[in-house]
Amino acid sequence: MKFLSLPFLLLLFFVLSCFADVSVRKSHHTKNGFQNPNPNIQAKGLSDLLVWQFQRFQLQASLDPADYPPFPVVGNDGKELNANPSKLSVTWVGHATTLIQIDGVNILTDPIWSERCSPVGFIGPKRYTPPGIKIEDLPPIDVVVLSHNHYDHTDLPTLKQIEEKFHPLVLTGLGNKKLLLGEGMKNVREMDWWENTKWKDIDITFTPTQHFSGRGLFDRNESLWGSYLISGKTEKVYFGGDTGYYTHFREVAERLGEIDVAILPIGATEPRWMMEAVHVDPKEAVQAFSDLKAKYMVPMHYMTFVLSDEKLDSPVPRTKEELKRSGISEDRLVPLKIGESRFF
């Protein structure tokens with residue numbers, strides 16, 4: 001071994017150390033696709049889905065939107081949003097679609113204006129509350145962030161309209177760029193967890209969630225899912241996408257600091273045996289809000305599509321109950337009506 005000089009050994013040690021570090025940071029990458037922060041938690045499979053759908057036949061009456069009073073929708077003509085030069089605002093369009101305005105930059109989250117969230121336009125979950133603002137009334141959209149590729153979060157017909165009108169930067173998880181470019185998006189940037197990108201003075205970090213991906217029967221977890229931390233000059237907004245509960249919320253706060261507004265899902269939660277791994281319920285959403293150490297919570301992912309078995313008008317009341325139980329002031333909850341804007 002005399003030919004192995006000290007400089008060579010040092011170089012070898014450095015290279016091996018780099019590879020070891022990469023394996024630690026990239027533990028969610030596997031030869032079979034991506035995995036969750038908690039690798040022991042797995043989303044349910046096709047057989048579970050079939051069992052659940054069979055059970056739902058007994059619940060259809062309680063899930064019929066016609067049995068509920070009309071849900072509040074605020075008509076938003078976009079004038080105030082278009083006139084907003086720099087103030088932080090969040091507008092709930094419906095489902096997981098929000099418009100975030102921060103330091104003069106307009107960001108859309110998981111935009112869906114379609115009547116159905118489905119591979120085809122004539123079947124699948126149908127919208128029962130209209131979008132809170134028309135696409136033509138939006139302010140100029142600079143950035144679109146996509147949490148994952150499920151049909152209710154990556155809606156290609158909507159994205160085509162957004163592209164034609166605004167030509168935004170589209171941020172998405174690894175493995176989704178080919179799909180989006182093939183559908184006409186021009187400026188697409190894939191991101192891995194904890195990677196960040198800049199737009200003007202805004203810093204956007206792609207952060208972990210506990211969920212899964214797939215648009216068909218044979219592409220499960222081939223693309224990456226996640227959430228976003230949007231950092232302006234003095235304010236930060238977290239968009240949670242779809243997620244089950246795990247330690248990643250605490251890690252986001254520990255790594256990226258105090259958050260002003262956390263946009264968190266509270267719907268599509270029942271039955272728990274089916275949804276727990278991938279969708280937080282109101283109790284877990286409140287715990288996530290606490291973990292994130294955010295000032296305000298804007299709930300989303302409810303009151304738009306019938307995707308699960310809880311009563312359609314239950315998510316916000318349940319969230320208020322959990323806030324009270326946790327000793328958190330209800331003033332920190334901002335339950336927007338669809339179409340409503342809140343300026344912070």
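1. Three bridges tie β5 to β6, and the two strands run parallel. Strands pair here if DSSP finds at least two bridges between them. For the labels: helices (H or I, at least four residues) and strands (E, at least two) are DSSP runs, numbered from the N terminus.

2. Before going on, a word on what you're looking at. This is a predicted model, where local features need pLDDT of at least 70 and side-chain atom pairs count only at pLDDT 80 or more, while totals for chains, interfaces and linings use all residues. Residues are numbered from 1 along each chain as its sequence is written, and side-chain values use heavy atoms, with hydrogens and water left out.

3. Now the other partner of β5. Strand β4 (residues 97-102) runs antiparallel to β5, with five bridges joining them. Ile 102 has Val 105 as its bridge partner in β5. The hairpin of β4 and β5 has two residues between the strands, and Asp 103 takes a positive phi there, near 50°.

4. Follow the chain into the loop between β5 (105-109) and β6 (143-145) and you'll find Ser 118. Ser 118 counts as buried because its relative accessibility is 14%. A polar atom of the Ser 118 side chain lies 2.8 Å from the backbone oxygen of Ile 123, and a polar atom of that side chain lies 3.0 Å from the backbone oxygen of Val 120. Leaving aside residues up to four places away in sequence, Ser 118 touches Ile 123, Gly 124 and Tyr 151; contact means heavy atoms within 4.5 Å.

5. Last, have a look at helix α6 (residues 248-256). His 248, Phe 249, Val 252 and Ala 253 are buried there. Viewed down the axis of α6, the buried residues fall within an arc of 145°, so they line one face of the helix. That arc is taken from the directions from the helix axis to the C-beta atoms. What do the buried residues of α6 pack against? Their neighbours are β10 (202-207), β12 (236-239), β13 (259-265) and α8 (282-292). Gly 257 follows α6, with a positive phi near 90°.

Notes
Buried < 20%, exposed > 50% of the residue type's maximum accessible area, 1.4 Å probe, protein only. Polar contact = N/O pair within 3.5 Å; in protein donor to acceptor, adjacent residues only side chain to side chain.
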